Amino acid sequence: MAEAMARFGKKQLVVAARLSSGRCERLGFKRVISLRSEGQRGKCENLNTPTNISAYNSLKPPSFKLDKGQRQKDHVLKKPRNISAYYNLKSPSYKFDALEPYMSKRTLEVHWGEHHRGYVESLNKYLAKDDILYGYTLDELIRVTYNNGNPLPEFNVAAQVWNHDFFWESMQPGGGNSPILGLLQQIEKDFGSFSNFKEEFIETALTLFGSGWVWLVLKRNEKRLAIATTTNAVTPLAWDDIPLLSLDMWEHAYYLDYKNDKARYANVFMDHLVSWNSALARMARAQAFVNLGEPKIPVA
Amino acid sequence: MALRALPNVKTLGRLYRQQIRGLQTFTLPDLAYDYGALEPAISGEIMQLHHQKHHQTYITNYNKALEQLDDAIAKGDASTAVKLQSAIKFNGGGHVNHSIFWKNLAPAHEGGGEPPHGSLGWAIDQHFGSMEKLIAKMNAEGAAVQGSGWVWLAVDKELKRLVVETTANQDPLVTKGASLVPLVGIDVWEHAYYLQYKNVRPDYLKNIWKVINWKYASGVYEKECP
């Protein structure tokens, strides 16, 4: 028994020694580290009888008392008193005037600075209640608050934060043209041709009633691309499809530039704003989760 | 002057053919006031776009949907007839709602913003406590509408009481209750306020009360609850 513990103990000591002391505190190996590093070896020269049995039990919470020679590490030792924000407002990767003349600087200032920022602040206010919803990633939060079609009040703001992040990434200065490589092949396979897809996408955007979004999604179960529409804040994440592109058809997205001319907005998006690079990157990532077609096994 | 949406009887060409079949088409009703008469609560630019572009689009699409529905019914094509229902609800609802909306507004010098006297004013005080409380309630509900929709003050003609309701997109008020008659409707679609108020919908709701035409609302109320 003692020998088993000794063997176990030795391994723990070795493992603990390799870890940095900061991590050790969190993992509860503090006691073990202190044995080796502080010249207390005299106490446990005989590894057969460990001085503190609870060192092997990593359920022991890290002690906030400092050992000799340790500098105070505020971020580890002091519990934060006032958590003030959980999600931050990510800015688009291009300057606000980079999308001129297709999307004006003013639109981006208001859309990002006021709408998107407002959503982030509302979300943080909801999460400050520090209840069961605290601790999820944004994707998970959306799925949880969607509640299978019966959305909780946090859903709208959480989903809109995600949707707008996704939308800024779906656009780029000098966008438009057509996709390349595998994405183009997949579009041609699922829609016939790129121009068919473009027509269908714009048509869908124009026949959307009310506020919503138009998406190019990769459907997990059917293993193909499709165009989806959602109302208000809903996103294809909620039913586990993988979105590749989005177009914001809420009126605030285009009203300042195009007033009520949705058709021109949708066409301009497709011709000059859409970022096929980001769609391609998302598609590549999505292929880690969805098997499209047969694997290409090289012959000899 | 303000016209109700009369079907256009004297027509030629395509519309004449439709008259043969008995199909009505709808036209854009005129406003009783100039586009700029509601400043500064609602800008003239918004009024012009709202009336000439948005409302007109609803009417055009409504007429188109009705024509298609007529064709489908004549051919006995049930699935097309059912598929057109959402377009009819959306565009027809848009036409109905906006027609009421133009009558709900009046410039300040023509009585816009003046609280109702008579039975409607008394009913408001009874049901909601005071005009301010009603306005606060409608503003709160209007601001809370997700996406696009309307907020209404309506009278339930069966129960003879006032209610505050919201509808989504262009759903007409009857979708919330068959016996509801709209008295005052406020459009909280973004196109109704964006150019002037950007995303600050609460400011729009606070200011629009200065141009609400309570005379029309009182007239409707007195007709339903004499």
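You're looking at a predicted model, where local features need pLDDT of at least 70, side-chain atom pairs count only at pLDDT 80 or more, and totals for chains, interfaces and linings use all residues. Side-chain values use heavy atoms, with hydrogens and water left out, residues are numbered from 1 along each chain as its sequence is written, and chains are lettered from A and ligands numbered from 1 in the order in which they are written. Helices (H or I, at least four residues) and strands (E, at least two) are DSSP runs, numbered from the N terminus.

**Salt bridges**

- Side chains of opposite charge can pair when their charged atoms come close.
- Across all chains, a search of the whole structure turns up 12 salt bridges (a side-chain nitrogen of Lys or Arg within 4 Å of a carboxyl oxygen of Asp or Glu).
- One of them joins the side chains of Glu169(A) and Arg282(A), at 3.3 Å from N to O. This pair links distant parts of the chain, with Glu169(A) in helix α7 (residues 153-169) of chain A and Arg282(A) in helix α12 (residues 276-286) of chain A, 113 residues apart.
- How open are these two? Glu169(A) is partly exposed, with a relative accessible area of 36%, while Arg282(A) is buried at 7%. (Buried means under 20% relative accessible area, exposed over 50%, and partly exposed in between, using a 1.4 Å probe and protein chains only.)
- Another salt bridge, also listed at 3.3 Å from N to O, brings together the side chains of Lys219(A) and Asp241(A). Lys219(A) sits in strand β1 (residues 212-219) of chain A and Asp241(A) in the loop between β2 (224-231) and β3 (242-248) of chain A, so the pair ties together parts that are 22 residues apart in sequence.
- Lys219(A) counts as partly exposed at 21% relative accessibility, whereas Asp241(A) is buried at 8%.
- Over in chain B, the side chains of Lys89(B) and Asp171(B) form a salt bridge of 3.7 Å, N to O. Here Lys89(B) belongs to helix α4 (residues 85-104) of chain B and Asp171(B) to the loop between β2 (161-168) and β3 (180-187) of chain B, which puts them 82 residues apart.
- Lys89(B) is partly exposed, with 39% relative accessibility.

**The sheet in chain A**

- Three strands make an open sheet in the order β2-β1-β3 (chain A), with antiparallel pairing (two strands pair if DSSP finds at least two bridges between them).
- β2 and β3 of chain A are at the edges with a single partner strand each, so one side of each has no neighbour in the sheet.
- From one strand to the next, the twist averages 25°. (Axes are lines fitted to C-alpha atoms, for helices over the stretch in contact, and angles run from 0 to 180 degrees between N-to-C directions.)
- β1(A) and β3(A) pair in the antiparallel sense over 6 bridges. Leu216(A) has Leu245(A), in β3(A), as its bridge partner.
- Helix α8 (residues 181-191) of chain A packs on this sheet, touching β1, β2 and β3 of chain A, and its direction makes about 80° with that of β2(A). (Contact means heavy atoms within 4.5 Å.)
- α12(A) lies across β1, β2 and β3 of chain A too, running at about 155° to β3(A).

- Asp187(B) is in strand β3 of chain B and is buried at 0% relative accessibility.
- A polar contact of 3.0 Å joins the side chains of Asp187(B) and His50(B). (A polar contact is a pair of N or O atoms within 3.5 Å; within protein, one must be able to donate a hydrogen and the other to accept it, and residues adjacent in sequence count only if both atoms are side-chain atoms.)
- His191(B) is in the loop between β3 and α7 (194-197) of chain B, and it is buried at 1% relative accessibility.
- The side chain of His191(B) also has a polar contact with that of His50(B), at 3.1 Å.
- Leaving aside neighbours within four places in sequence, the contacts of His191(B) include Glu251(A) and Tyr255(A).
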